[in-house]
Amino acid sequence: FLRSFRPQRHKGIFFHFLMDGREEGEVMYRHRHLHPGLMRACLALLTAFMLGGCGLLGPQIDNGPPPEKAQRIVATAYKQMGKNYRLGGASPQKGFDCSGLIWWAYKQNGVSIPRVTSDQARTGVKIPSGMARAGDIVVFRTGNSPRGLHTGIYTGDNAFIHSPRRGEKVRVESLDEPHWRKRLIAVRRVL
């Protein structure tokens with residue numbers, strides 16, 4: 001026959017001691033435990049956390065020197081200095097709008113990125129502006145509408161190259177200029 005004794009607490013777990021006709025000293029015990037499904041979910045979460053390491057806290061940002069390909073992208077954009085701005089333009093022959101210059105410079109170096117500014121503003125990984133390096137995309141809020149964005153390519157030394165607006169030409173500007181400093185909303189790293 002089976003008799004249950006008073007539950008005993010051992011290391012934070014309740015155990016029920018049972019006697020079922022065993023010889024003296026032989027005690028069968030069981031403990032109250034989590035539902036098997038909940039236990040599996042907890043173990044899966046713990047495993048994911050251990051395997052993910054710091055990745056659960058967000059992507060690790062490489063703040064070393066820019067890769068060679070990023071430097072080539074900047075050099076490619078520099079070769080377009082003086083080209084005319086053209087709305088919808090994305091070639092040296094027709095001229096460039098801001099996102100067209102970035103798209104074209106990346107494409108010339110074998111890197112595929114979105115063509116339009118609003119998509120470029122979400123591509124890659126967002127990084128703190130103080131960690132920008134050559135080849136990163138700088139994003140500015142220039143208007144109140146969703147389309148009120150402007151992009152350029154960070155060149156290093158707190159400067160960027162871009163195709164500013166109608167009537168202007170591709171040029172380098174400083175992020176120290178108040179106009180650009182107060183409008184910078186993101187830096188995106190693709191490489």
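Arg171 and Glu168 form a salt bridge, with their closest N and O atoms 2.5 Å apart. A salt bridge here is a side-chain nitrogen of Lys or Arg within 4 Å of a carboxyl oxygen of Asp or Glu. This is a predicted model: local features need pLDDT of at least 70, side-chain atom pairs count only at pLDDT 80 or more, and totals for chains, interfaces and linings use all residues. Residues are numbered from 1 along each chain as its sequence is written, and side-chain values use heavy atoms, leaving out hydrogens and water.

**Salt bridges**
- The whole structure holds seven salt bridges.
- Arg165, Glu168, Arg171 and Glu173 are linked in a network of them.
- Arg171 is partly exposed at 25% relative accessibility, and Glu168 is partly exposed at 23%. The classes are buried under 20% relative accessible area, exposed over 50%, and partly exposed in between (1.4 Å probe, protein chains only).
- Arg122 and Asp119 meet at 2.7 Å, N to O. Arg122 is exposed at 55%, while Asp119 is partly exposed at 30%.
- Arg115 bridges to Asp97, with the closest N and O atoms 3.2 Å apart. Arg115 lies in the loop between helix 3 and helix 4, and Asp97 in the loop between strand 6 (95-96) and helix 3, so the pair ties together parts 18 residues apart in sequence.
- Asp97 is buried at 9% relative accessible area; Arg115 is partly exposed at 24%.

- Helix 3 (residues 98-108) has eight of its eleven residues buried, so it is largely enclosed by the rest of the structure.
- The buried residues include Cys98, Leu101, Ile102, Trp104 and Tyr106.
- Asn109 lies in the loop between helix 3 and helix 4 (117-120). Asn109 is buried, with a relative accessible area of 13%.
- Leaving aside neighbours within four places in sequence, Asn109 is in contact (heavy atoms within 4.5 Å) with Lys69, Arg72, Ile73 and Thr76.
- Gly110 follows helix 3 and has a positive phi, near 80°.

**Strands and fold totals**
- The protein chain has five helices and twelve strands. Helices (H or I, at least four residues) and strands (E, at least two) are DSSP runs, numbered from the N terminus.
- Strand 12 (residues 184-189) pairs with strand 7 (residues 125-127) in the antiparallel sense over three bridges. Pairing requires at least two DSSP bridges between the strands.
- Ile127 has Val187 of strand 12 as its bridge partner.
- Strand 8 (residues 137-141) also pairs with strand 12 in the antiparallel sense, over four bridges. There, Ile137 is partnered by Arg188.
- Of the 191 residues in the protein chain, 34% count as buried.
- Among contacts between residues at least 6 apart in sequence, 47% join residues at least 24 apart.

**Surface**
- The protein chain exposes about 12,200 Å², with 55% of it supplied by carbon and sulfur atoms. Areas come from the Shrake-Rupley method with a 1.4 Å probe; for residues, only the protein chains shown count as cover.
- Tyr78, Met81 and Val172 make a nonpolar surface patch of about 240 Å². Patches are made of residues with over 30% relative accessible area and no salt bridge; like charges are joined within 9 Å, and nonpolar side chains (Val, Leu, Ile, Met, Phe, Trp, Tyr) within 5 Å.
- Val172 lies in strand 11 (residues 171-174) and is partly exposed at 31% relative accessibility.
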